[in-house]
Amino acid sequence: MRTAPKRLLSMLVMCLLIALTYAGIKLEQANAASVSITNGTEWLDTAGNPIDAHSGNILKVGSTYYMYGEKAVNWTFDRVNVYTSTDLKNWTLGNSILTKTSAPELNSSKIERPKVIYNAATNKYVLWMHYENGTDYSLGRVAVATSSTPDGNFTYQGSFRPLDYESRDMTVFVDTNGTGYLVTASKKNGGTNDTMAIFQLNSSYTNVQSFVGWVFENGYREAPAVVKKNNTYYLFTSQASGWYPNQGSYATSTSMTGTWSALSPFGDPAAYGSQIHSIGTITGSSTTSYIYMGDRWNPLNLSDHHYIWLPLTLNDTSAAASLNWYSSWSIDAATGSVTLPSLVNHAQGKTATASSTGTGSSASNANDGNAQTSWAASSSSWPAWWQVDFGAPKTITEVDISWFMYKGSEAYYKYKIEVSNDGVNYSAIDRTGNTKYGFTTDAVRFTARYVRINLVNAVLFNNPNNWYTPTVHEIRLLGPATADATGYSRLESHNFSTRYVRHYNYAARIDENVSPALDSQFRIVPGLASASGVSFESMNLPGYYLARNASNQIVLQPFTGTSAFKGDATFNQAAGWADSAKASYESHSQPGYFIRHYNYVLQLSAVHAASAATLKSDATFKRYNY
């Protein structure tokens, strides 16, 4: 007898859907096909746990993607995990396809860069890995395991040196004709990893059949990844610099057996703080897209690992590859289509200056759109600065910097992002606590005309003395095409008409004869938490906003990007309580509480229709726009 209400509810829902359809309103599906990939953050699986699958690859079987990767404990092998997804975003932990108990020699070992390929002739899935003992890197072997299913328990086949050649960082690749290849960092002339080797696999993909040839002789390349587009093969590698990022490069060929072109750089000189491990080929209903898949390691703490996935452009006409940084971008696994963020690099091509400029260098090299050029100061004296003038106020939401690195003496930079509207008064975003090497990206929110990067110091990992010359490859200042606001506003007290809202020592109050005048000037921008509200950004401290603190006082605080801060710095503008022609400002995070002054100091207080006239007057302001 409980079904009647359910039937009634179903009928009502159906009627609502029909009505909305006739009204021309289209309802979006709960699960959108396009998903957002966010780089440099901790990726969680569908159970809410960190994804633990390093340096592996992805393989599509039917409509399901399988992501393989290695998990280590105390720097020794623990297992190879597999995760499954249909949209490339939401990954579910599946089986541990190989563990340290799968074979005796795995009990104390290092397993790195695991790759799974499918053999159509044997209907087997074959796992290749770099194998070492648990204490050092003296063996230089590969290891192989097989399974009848992509996520089953793989049977370990053993470890070996391919045709007795050393093998360390490696990948495997299956050509369109079914021929398999092993590409690996090897040794030709006496130096570990001095030259890369290519082998052809046997018909079952469980061993090598023949030696194909050497590539990049004495180049000391590692981290190979191969992809084929039409008739062009692309071989991506990194330099050998331990856990530190470096310039990635690629070569092309019309055959896996060569001849391969000379190396060309891709991305920036730190590969955006990552090392490639594979290329994902996403073939959808409308297009095929390629994903650069990399690891971002923290050399100071190797357990601090992040995944870096970026859209990779392959140009068959010129046999060229290009890679750009995006903190977030979207892909539709069903169609294969990639959607890039609609942000503008406001720095590119604008007038740049610097504290000094070295011979043959130019300040404009740091904002020319080419990460292979650089600005360098005239000496190794620190600090030094670089600045760009947009020519007009621009809203910046992300600051990306490609830093100079010297192979063998890598350094991380301590820096400040300094921002100004007049070129005289600057606010600072302090990044002197930075420990990231090669590439940094900062989420910010400010509107200003000038941005100055202050290079405070550099810390060399192998040398207590900083002998670097301050150098930057590229600075990108990203934001929406249209600024949040280009002018400014002042807020006059309703019951003290000569007093204006201002900040003083980061506290908000009302004063007359404000000096400096910029203390009472604010860009009133769309609300940080809701565009239907407003936020108040300081004119002489760009990036600082009026916000409520824990004591409900209104203070000037720097943008943090957290949801709590955005809510506390957002206010709903309403008709003034004391004068409807003026304005009152209700807290977004505390509805019913409005900005008011008490003893000239701004705070939040509950205001309603029955409130005293004085309170209503204290919570009313006249807004002047300039």
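Trainee: Why is Arg548 called buried?

Mentor: Arg548 has a relative accessible area of 15%, and buried means under 20%, with exposed over 50% and partly exposed in between (1.4 Å probe, protein chains only), so Arg548 counts as buried. This is a predicted model, in which local features need pLDDT of at least 70 and side-chain atom pairs count only at pLDDT 80 or more, while totals for chains, interfaces and linings use all residues. Residues are numbered from 1 along each chain as its sequence is written, and side-chain values use heavy atoms, leaving out hydrogens and water.

Trainee: What makes the contact of Asp568 and Arg548 a salt bridge?

Mentor: Their side chains meet at 3.0 Å, N to O, and a salt bridge needs a side-chain nitrogen of Lys or Arg within 4 Å of a carboxyl oxygen of Asp or Glu, so the pair qualifies. The bridge links distant parts of the chain, with Asp568 in helix H2 and Arg548 in strand E37, 20 residues apart; helices (H or I, at least four residues) and strands (E, at least two) are DSSP runs, numbered from the N terminus. Asp568 is likewise buried, with a relative accessible area of 16%.

Trainee: Why is the pair of Phe404 and Tyr468 called edge-to-face?

Mentor: The ring centres of Phe404 and Tyr468 lie 5.4 Å apart, with 65° between the planes. Rings of Phe, Tyr and Trp (its six-membered ring) pair if their centres lie within 6.5 Å, and planes under 30 degrees apart count as stacked, over 60 as edge-to-face and the rest as tilted, so this pair is edge-to-face. Because Phe404 lies in the loop between strands E27 and E28 and Tyr468 in the loop between strands E30 and E31, the pair ties together parts that are 64 residues apart in sequence. Phe404 is partly exposed at 22%, while Tyr468 is buried at 1%.
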